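Welcome, and thanks for taking a look.

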Number of protein chains: 2
Amino acid sequence: MRFDVLILGSSSATPIYGRHPTAQLININEQLYLVDCGEGTQVQLIKYGIRSNRIKHIFISHLHGDHYLGLIGLLSSMHLIGRKEAVHVYGPPALKEIIDLNFLHSQTVLRYPLYVHATQDQTMEMIFENEHVQVSSFPLDHRIACTGFRFDEKKRLPAIDREKTEALGIPNDYLPLIKRGHDYVAPNGTVYRWEDLTFASPIPRSYAYCSDTVRTASYLPYIQQTDLLYHEATFMHNMLDRALETFHTTALQAGEIAAQVQAKKLLIGHYSARYKDLNPLLEESKTAFEATQLAQEGNWYSV
Amino acid sequence: MRFDVLILGSSSATPIYGRHPTAQLININEQLYLVDCGEGTQVQLIKYGIRSNRIKHIFISHLHGDHYLGLIGLLSSMHLIGRKEAVHVYGPPALKEIIDLNFLHSQTVLRYPLYVHATQDQTMEMIFENEHVQVSSFPLDHRIACTGFRFDEKKRLPAIDREKTEALGIPNDYLPLIKRGHDYVAPNGTVYRWEDLTFASPIPRSYAYCSDTVRTASYLPYIQQTDLLYHEATFMHNMLDRALETFHTTALQAGEIAAQVQAKKLLIGHYSARYKDLNPLLEESKTAFEATQLAQEGNWYSV
């Protein structure tokens, strides 16, 4: 099953040419989820050949402009190109007020149902699930209310070993039961263990997204042992003062956090506009956590 | 004196790759004015090497997203890069409410003074002037309240013909009077006409900006005899029904309007996303008005 992240924006608050405000697209089994939606996200989607109509769920971490100012434009364009299918947006409570005010004054009456779900920043909360994935929001520590998001793949049922079940003449009706862990008893009384009739299902993967936050211990319980951790790394560690003042993280801290929560891989991003060359950020993070990658726009990262 | 228009966005409501929502930059004697500010305008400014801090006045025609959704991000970035100088924004009354709501929830307290001036869409009104230019808003006919803007260069004082005044030994103290139309009387009683002592000042130029509008006679009085007329041309004339329904104009109509108001040159833009090749729009407008040009992003057009 596919579980990949496309970086649409890698810049912090002020964009520079070639680096856009934060947005990520997550493909889980060909279903698309958008995480944050900075200004220009709809153009980035076009650039990378993603039809916006495939997106059903949009998660907004917080209400600093670089994380949501592309949302109204994206929702508008979905409307203008004739979307009928519902869109669900998850974000801080005031997001609905902002969306409503914009559409009130543009006199836009969306032709598709739009559901805006308020997140809270007090505790971890499961905010969405379907057959493939469960999405939870969790509090980060930024200047204003801000949540990260964690995507946990659901454990899949094991696949039937068709060669064996056919050789044993097991009727198809029994297969769903075997998948769910029932042993099969043949007419002659022989018991076949379900584990022997199936292929073990893969271990579920997880992705955690930590947009803007200062480093604290408070959110580490929520991001334990992910396959891929995205963590902001706005500054080099020699600008720690500035990071603390603006409630951001340094590349060294991002690496240390990834090690602390036993992530398998780390993706850093949300780079300050002052860094034209990103390699020093990468190298700094790697001193604490070797499996670090730079979030680069247009690249897919597998979870 | 410079009087040029840079196209930052040429697309109508839904952007396509390489065509952004509406925004234009006007350079009048090295002072920069922004007209409309669609999503991504700040990135377009970076792309074309324009420092946003040089912009002091921003004019917003109406509150459809493709004309203002880049404003909050631009104002934010000006704040983040340390702007101190005031910014004046002119637009429909609800624009202030939208700006205030966004900055309330992002807890942004701008470090520079921001003045938001409400325009009205009932009559033409002079909304700004300085020593070089006078800017007026005027009503257009769109689905929601919408104004165009007209930039009228002020008549400059004539330049002194230094060779003549020096040959005649006219003291410098008299020159400002001569510039303002006073004749010079020499000590021997000879009268020198001010016209003979100066070079005629150039005829003031004017630029009118007609963003979204259906074709009506109502706004033609406001856009008479401009040196450059920008007029939207969202559709080809074979889509007139769609143009009427959405309160837009066709390329043929834009050309006819330019001829009717005796513009010297016409610039068309705000192209529907359906037109990948823009030449048919250009050709259609030219059938009614030869001096038509296509608004192309990154190009400067002299007024």
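Phe247(B) counts as partly exposed, because its relative accessibility is 27%. Please keep in mind that this is a predicted model.

- Phe247(B) lies in the loop that links helix 8 (240–245) to helix 9 of chain B.
- Although Phe247(B) is not a glycine, its phi is positive, at about 60 degrees.
- Most residues other than glycine have a negative phi.
- Gln262(B), also not a glycine, has a positive phi of about 55 degrees.
- You will find Gln262(B) in the loop between helix 9 and strand 16 of chain B.

**Asp161 in chain B**

- Asp161(B) sits in the loop between strand 10 (159–160) and helix 5 (162–167) of chain B.
- Leaving out residues up to four places away in sequence, Asp161(B) touches Leu197(B), Thr198(B) and Phe199(B).

**Asp161 in chain A**

- In chain A, Asp161(A) is found in the loop between strand 10 (159–160) and helix 5 (162–167).
- Asp161(A) is buried, because its relative accessible area is 12%, and the cut-off for buried is under 20%.
- Setting aside neighbours within four places in sequence, Asp161(A) is in contact with Leu197(A), Thr198(A) and Phe199(A).
- Asp161(A) is 76 residues from Glu85(A) in sequence, and their C-alpha atoms are 38 Å apart in space.

- Helix 10 of chain B, residues 279–288, has Leu281(B), Leu282(B), Glu284(B) and Ser285(B) buried.
- Why do these residues lie on the same side of helix 10 of chain B? They cover an arc of only 165 degrees around the axis, so they share one side of helix 10 of chain B.
- The cover over the buried residues of helix 10 of chain B includes helix 9 (251–260), strand 16 (265–269) and strand 17 (292–294) of chain B.
- Helix 3 of chain A is largely enclosed by the rest of the structure, because nine of its 10 residues are buried.
- The buried residues of helix 3 of chain A include Leu71(A), Ile72(A), Gly73(A), Leu74(A) and His79(A).
- Just after helix 3 of chain A comes Gly82(A), with a positive phi of about 90 degrees.

**Where chain A meets chain B**

- In this interface, 34 residues of chain A are in contact with 34 residues of chain B.
- Together the two chains bury about 2,900 Å², of which 66% is on carbon and sulfur atoms.
- Tyr17(A), Glu39(A) and His105(A) supply 20% of the area that chain A buries against chain B, more than any other three residues.
- How many salt bridges does the rule find across the interface of chain A and chain B? It finds zero, while 10 residue pairs are in polar contact, counting pairs with both residues at pLDDT 80 or more.
- Helix 1 (41–47), helix 3 (71–80) and helix 4 (94–105) of chain A are the elements giving two or more residues to the side that touches chain B.
- Helix 4 of chain A gives the largest share of that side, six residues.

Technical notes. Residues numbered from 1 in each chain as written. Chains lettered and ligands numbered in written order. Predicted model: local features only at pLDDT ≥ 70, side-chain atom pairs only at ≥ 80, totals over all residues. Heavy atoms only, no water. Helix = DSSP H or I, 4+ residues; strand = E, 2+ residues; numbered from the N terminus. Contact = heavy atoms within 4.5 Å. Buried < 20%, exposed > 50% of the residue type's maximum accessible area, 1.4 Å probe, protein only. Arc of directions from axis to C-beta. Buried area = accessible area lost by both parts, 1.4 Å probe. Salt bridge = Lys/Arg side-chain N within 4 Å of Asp/Glu carboxyl O. Polar contact = N/O pair within 3.5 Å; in protein donor to acceptor, adjacent residues only side chain to side chain.
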